[in-house]
Amino acid sequence: MKGLISKDLYVVFKLCRAFILLDIIFLAVALLADYNPFYFVYPCILSGMIPITLISYDERESWDKYALTMPFTRAQMVCSKYVIGIIFNAVTLAVYAAALMIKTVNGESFNPGDYFSFIAVLFAASILVPTFSYPVIFKFGAEKGRIFYYVVIGTACAFSILLPKIKLQSFMPITSAGLAAVVCAATILLYTLSWLLSIRFYSRREF
Amino acid sequence: MNAIEIKGLCKRYKGFSLDNLSLTLPSGCIMGLIGENGAGKSTTIKLILDMISRDSGSITLLGRDNRRDSRLLKEDIGVVLDNIGIPSVFTPKQVAKVMSLSYKNWDDTAFYRYLRKFSLPENKPFKEFSRGMKMKLGIAAALSHNAKLLLLDEATSGLDPVVRDEILDIFSEFTRDETHSILISSHIVSDLEKICDYIAFLHNGKLLLCEEKDLLKESYAIVRCTPEMFEKIDRSTVIGKKENAYGVEVIVQKSAVPRGFEKHPVDIEQLFIFMVKESVQ
């Protein structure tokens with residue numbers, strides 16, 4: 001699988017520079033402008049798009065077929081995309097968690113409970129778009145899966161805009177830390193299920 | 001040991017079926033899979049590589065089941081597909097790095113030797129290569145992990161005659177080692193005639209014949225005669241017949257040609273066209 005991941009990393013650094021540039025712009029805006037969760041959530045959603053872009057690129061270049069002639073299992077091919085997703089999500093999340101820390105400490109409004117529950121939201125935002133999109137894309141291909149992917153992206157963006165207006169604790173008796181734990185656990189569970197489903201779909205796909 | 005053994009292979013699609021295909025490629029030989037577009041050549045190669053699922057039949061490669069030992073087998077198989085599949089942003093150097101992490105037996109020295117032999121630049125992106133250069137890079141990669149079996153799907157199509165000839169020489173050189181074999185599909189029959197030991201004809205998903213090339217050429221002849229003379233030939237020995245203003249052109253079993261008829265040698269392309277287009281069956 002090292003071969004697959006190294007190939008994806010080469011391609012990301014050649015083709016996905018726009019994603020990295022956008023992340024840097026959003027980071028600057030998030031730090032300099034008035035606090036708005038959108039500036040934090042959107043780059044995290046964007047980082048989840050990298051593996052989907054890679055799948056689309058693989059199909060266009062016929063790498064998906066070429067890789068099947070190499071000593072990889074189909075499960076490894078799926079796993080490589082999930083691992084790439086985790087790498088970029090983790091880096092983005094770490095950067096924005098640090099940015100949020102700087103922002104809130106500077107604004108003297110730092111509250112650990114709120115901070116960690118928002119990090120949990122960022123974590124969910126970066127993971128959930130690929131979580132729902134991957135199985136569809138692995139089953140039908142990037143072209144056909146693209147429509148579903150836009151629906152998921154639209155929903156996620158709407159959620160990030162509505163987020164400041166939602167006072168979850170007002171109708172759910174849960175602490176901020178508890179909420180963060182629930183969100184993280186649910187996200188990890190969904191991501192794992194998505195991973196297994198994608199392997200199942202891809203193993204049956206015909207090329 | 002046989003490099004490829006296919007028995008009773010079937011794959012059904014809407015509007016096309018690969019029907020009960022059986023063929024054997026002995027080690028150390030080159031087999032040419034000939035057929036018109038849509039005859040089933042790529043389907044056969046995809047089934048061999050387990051890229052699509054078969055409906056029935058069995059495939060053994062280098063003595064192993066192609067599905068059970070898929071990953072192990074692919075270490076020993078070099079593949080060149082029509083679209084090659086190397087990412088367009090990759091340079092040959094990056095191809096070598098990725099391949100060295102993918103194949104246990106990757107041989108960097110061999111790869112760079114092929115790059116020099118093919119005059120391929122190490123640092124130029126794949127997207128800037130000509131079709132011939134792209135194909136050569138695909139072939140260099142396929143030949144640089146000590147593969148025992150090469151599967152080539154239309155690997156010479158779209159190339160100019162000089163490059164094709166160069167590539168065919170490399171394939172012939174590869175099978176000098178008796179443990180090396182090649183299955184090559186093409187609709188450029190003249191290419192296959194140059195290098196193949198065995199010829200398999202596919203038409204509409206059916207195997208019309210699979211035979212040693214030399215035996216085929218020895219067994220059949222072209223006879224040009226009048227319609228009256230044609231009546232003297234045993235119909236069961238006729239492969240195909242073409243009538244024109246000058247008379248009748250027939251491909252027939254050499255041994256069945258009556259005395260007094262002039263026999264001309266047949267090439268594989270003529271044999272294939274007569275079997276497909278001018279069949280009397």
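This is a predicted model: local features need pLDDT of at least 70, side-chain atom pairs count only at pLDDT 80 or more; totals for chains, interfaces and linings use all residues.
Figure 1. The domain assignment of chain B, whose bounds come from an automatic or database domain assignment, gives domain 1 (2–215) and domain 2 (217–277). The C-alpha centres of domain 1 and domain 2 of chain B lie 33 Å apart. Their contact takes 13 residues from domain 1 of chain B and nine residues from domain 2 of chain B, where two residues are in contact if their C-beta atoms, placed from the backbone, lie within 7 Å. On the side of domain 1 of chain B that touches domain 2 of chain B, the elements giving two or more residues are helix 7 (189–195), strand 9 and helix 8 (213–219) of chain B; helices (H or I, at least four residues) and strands (E, at least two) are DSSP runs, numbered from the N terminus. Helix 7 of chain B provides the largest share of that side, four residues.

Residues are numbered from 1 along each chain as its sequence is written, and chains are lettered from A and ligands numbered from 1 in the order in which they are written.

Figure 2. Strand 3 pairs in the parallel sense with strand 8 (residues 181–186) of chain B over five bridges, and two strands pair if DSSP finds at least two bridges between them. Four bridges also join strand 3 of chain B to strand 9 (residues 198–203) of chain B, and these two run parallel. B:Ile34 has B:Ser186 as its bridge partner in strand 8 of chain B and B:Phe201 as its bridge partner in strand 9 of chain B.

Figure 3. Five of the six residues of strand 9 of chain B are buried, so strand 9 is largely enclosed by the rest of the structure. Strand 9 and strand 10 (residues 206–212) of chain B pair in the antiparallel sense over six bridges, and B:His203 has B:Lys206 as its bridge partner in strand 10 of chain B. The hairpin of these two strands has two residues between the strands, and B:Asn204 takes a positive phi near 50 degrees there.

**Figure 4. The largest nonpolar core.** A nonpolar core is a set of buried Ala, Val, Leu, Ile, Met, Phe, Trp, Tyr and Cys residues joined through C-beta atoms within 7 Å. Of the 143 residues in the largest such core, A:Leu122, B:Leu151, B:Ala200 and B:Val252 touch the most other members. Helix 6 (residues 112–140) of chain A gives the most to this core, with 14 residues. Domain 1 and domain 2 of chain B both give residues to this core, so the core lies between them. Not counting residues up to four places away in sequence, B:Ala200 touches B:Leu23, B:Met31, B:Leu33, B:Ile34, B:Leu207 and B:Cys210.

**Figure 5. The contact between chain A and chain B.** The contact takes 20 residues from chain A and 23 residues from chain B. Helix 1 (2–15) and helix 4 (63–68) of chain A each supply at least two residues of the side of chain A that touches chain B, and the largest share of that side, eight residues, comes from helix 1 of chain A. Helix 1 of chain A is also among the elements that cover the buried residues of helix 3 of chain B.

How values were computed: A residue is buried if 20 or more other C-beta atoms lie within 10 Å of its own, exposed if 12 or fewer, and partly exposed in between; C-beta atoms are placed from the backbone.
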